[in-house]
Every structure is written in C-alpha cells, then in structure tokens.
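Biologist: Could you take a close look at one part of this model for me, a helix and the sheet it belongs with? I would enjoy a connected walk through it.

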Amino acid sequence: MTGLYFDLFDDVYIPGRWHLDDPVDQQGQEIRTWQFVRGEPAHVDARIRIPIYVPGRPLDFSLLAGATIPVVHARVAVVFAELAPGDVQLIPVEVDGQTEPYVLLNITRVVKCIDDEASDEVRHWEPGDDRPDKTGQYRSVIGMRIDPSKVGDARVFRTWGWSPAIIISEEVKQALERMGATGAKFKEVTGPSTVSAEEREQDRKSRELFEQADTARETAWCTLGSLDKEVFMPIAMSGSWPGHRQLWRVIRREAGRTLLVTHGLSDPFIERLEPSMGFGLELALEVDAAVKDISKGWPLMLLDRVADEVAEHEQVRERVKAGLFSMEVSGKGMPRSLVTEEGRVAVLLGVESRMLPSHFSTPYGEVKLVTVKVLLPSELAYLLEHGAEGQAELARRFAESGEAHLSRLRRRPVA
C-alpha cells in the first residue's frame, strides 16, 4: 500500500486540557508501560486505572505522561477497530473521575520504513555507545520521512528502531478528523525532505563538532568517577550557551558522593561552525550524598542557576576565569539552611581542590573546570564585609577543613 502517512501525536497546547499519569492496577501499583511500546500484544491480567496528572478538560485522544502510549475515548477506539483491526490491541481502562468508557491503544504493528536520506536528521546507536541492545537502532530522528513502498498493508504502526513514533494512514487520519476527535494532531511523514542539501551539510558539520566536544568531556568525566549513564536529563535549549543546548552529566564518586557537571559551556559556538572551546570552562558541584532523583534535587537547581549567570554575562565569565568569584542566585525552592533573609543563596566559584583537576583537555584546547561551593548565610555575610580578601580567606578555611569544594547542607560555618 502506498499513499500519505502521518505522525499521530498529542496536542499539548490545548488550553485547560487534562494530562494523564502512568497507569496503575486496582491496588494502586504501577503497571510497566514498556509492554505497550514494543509493537506487540501485551498480556494484561488486572483492570487498568489511569490517574489524572493535571486535572482539566477531558480529551478523546491523549498520551500518557512521558510516553507515547495513547488513551482514547471508546468512540475513537471504534475507528481503529474498524480500519486497522490487525494493527492494534484495545485494552479497556478506567480514567479517574470519568464515567465515559476509555481504551488504552496498544499498537501491535512495527514496520521498518524510516527513510534516512529523506529525513532531516537521523542518528543511530553505535557499537561504542555501550548499548549493544540498541546498536543499529535510531538514537534520534528529526523531521522523519518514511518510504511508503515499505509499509505494506499496515494502517497504524510504530517505526522499527524508533518506537516513540505512531504512524497512521491517510484513511485513519481522515476518519479521526471527520468525527472531530479532540487532542489528536497530525504531521505528514511522506514527501520530500524539508531540509536543503546545504542545510544538511551544515547540520553534519555541527554534529561532528559537538560529538568531538562531547567525547572529550566524557573522557574527562570518566577519570573523576563512574559516569552515570542511567540518569537522563532532557536537553534544554538556551541561546546563551555556545551550542544553544544545556546539558548535564552525573558522576558517582567514592564515599557515596555525587558530582554534577555542566556539559556544554565548552561547546563550539553553533553560529560559527568552526572548532572552538566555547566559553572555555565547565562548572562542577559535588555533594556528600548519593543523590537519586537528580532532576528534583537542590544541587542541580543551584548549578542550573549559577550556569545561567555564567552563560549570560561575559564579565562574570572573565571574573570566574581569573580566580575566585562569588555570586548570589535565587533561593526559591532551595533548602532553608542555605537561604538568606533576602531569599538568596550564595556560592563561591573557583575553590581549588586536590580532588578535582583545574583543567581538562579537548581537541580544541584546555577547558577550565570551575568548582561551585555553596555558602551558608553567615559565610556570605563575611564575604560582603571583607571583599576579595574574604573570598581568599574562606577558600583557605575550606581547604583546611578538608572539604575544599564539597557542598554540604549540614556543616559548621567557617565564618
């Protein structure tokens, strides 16, 4: 079968809409969602309940929070049952607060049809990525295009090697539009690429530069401890960072310590498409605990705010490169023991430590590794009173205590 095909996804911009949480059984125990993205029938014993993550307007078509698993109203399920009975498994579910019937739509068809050449950009898992289970599959797909000649008779399917995508035929799309199914959005995945040959070459050069920088940094991080590859923090886009991407890495250290580092302040400048070290520095914050949920902890929140100041202000970067430098950032959401009466949190950057290198090598030169030490309110008061001499004295006292760059919530102030 050939024709037009569309990526089916969730319209997250509908005002006042609901958002659905991960499924649970009748006892409230989470149900493993991976079984609904494998492209094969799932075996479900218990009745599934769908909690509401964000209350709001019910939709006919929704994806579960953080997963491309559709939950649809029963009338939408009828469309899939009639037009693609061999491509889907319909699993009745109970949505909290709803008397109307809903169905979890498990797509059971997988088709190998992504057109690498026509797509804007594809990246594959390589043997050196330490994911042998994924080697050859897609690590990312941007501007997807498929080859309709490889689809066969499938009308609803996931793409081989890239399970997030849900592809539907034009016939299914038109049926959903005719019934006015709320929440569903479509993006065509057939036809020529939207990227010119010149743009594709620029993307290739940019990707090559970033990959070299990534490899050099990760080589350096691995010398500092065990690089945690299980922790996933989505890339945030920021025009103030050299490569317009905010990245972080988590390093597990001896004695249960956790080291967080920025992973992008030394990216090449994306506008220039030439080798460089970006700002020529990265930031490091170490705590004396094995932080499990990095994304919700105060260390990443603090490092994020400090990194924003460094990225946005050239004068701050120059001061940081020159030596010790203190700054204050918002204390919103931070532990009370760190927050001043004015609602701020202070840090001292550039405290030397025998436990961390001051620089590391990249193909483009030496990058400065700048430590971030969180200060207690009394230590900030000392700094404000004594200025640059106070910074040096605090750094000396921190080194004398044996905790130089280490940030801790519970400790005695040194000033």
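Modeller: Helix H1 (residues 74-83) lies across S6, strand S7 (88-95) and S8, and runs at about 105° to S6. Contact here means heavy atoms within 4.5 Å; axes are lines fitted to C-alpha atoms, for helices over the stretch in contact, with angles from 0 to 180 degrees between N-to-C directions. Helices (H or I, at least four residues) and strands (E, at least two) are DSSP runs numbered from the N terminus. Please keep in mind that this is a predicted model, where local features need pLDDT of at least 70, side-chain atom pairs count only at pLDDT 80 or more, and totals for chains, interfaces and linings use all residues. Residues are numbered from 1 along each chain as its sequence is written, and side-chain values use heavy atoms, leaving out hydrogens and water.

Now to the sheet: it is open, with five strands in the order S3-S7-S8-S6-S5 and mixed pairing. Two strands pair if DSSP finds at least two bridges between them. Strand S3 (48-50) and strand S5 (61-63) are the edges, each pairing on one side only. Direction ignored, neighbouring strands of this sheet are turned by 40° against each other on average. Strand S6 (residues 70-73) pairs with strand S8 (residues 102-107) in the antiparallel sense, over three bridges, and there Val72 stands opposite Val103 in S8.
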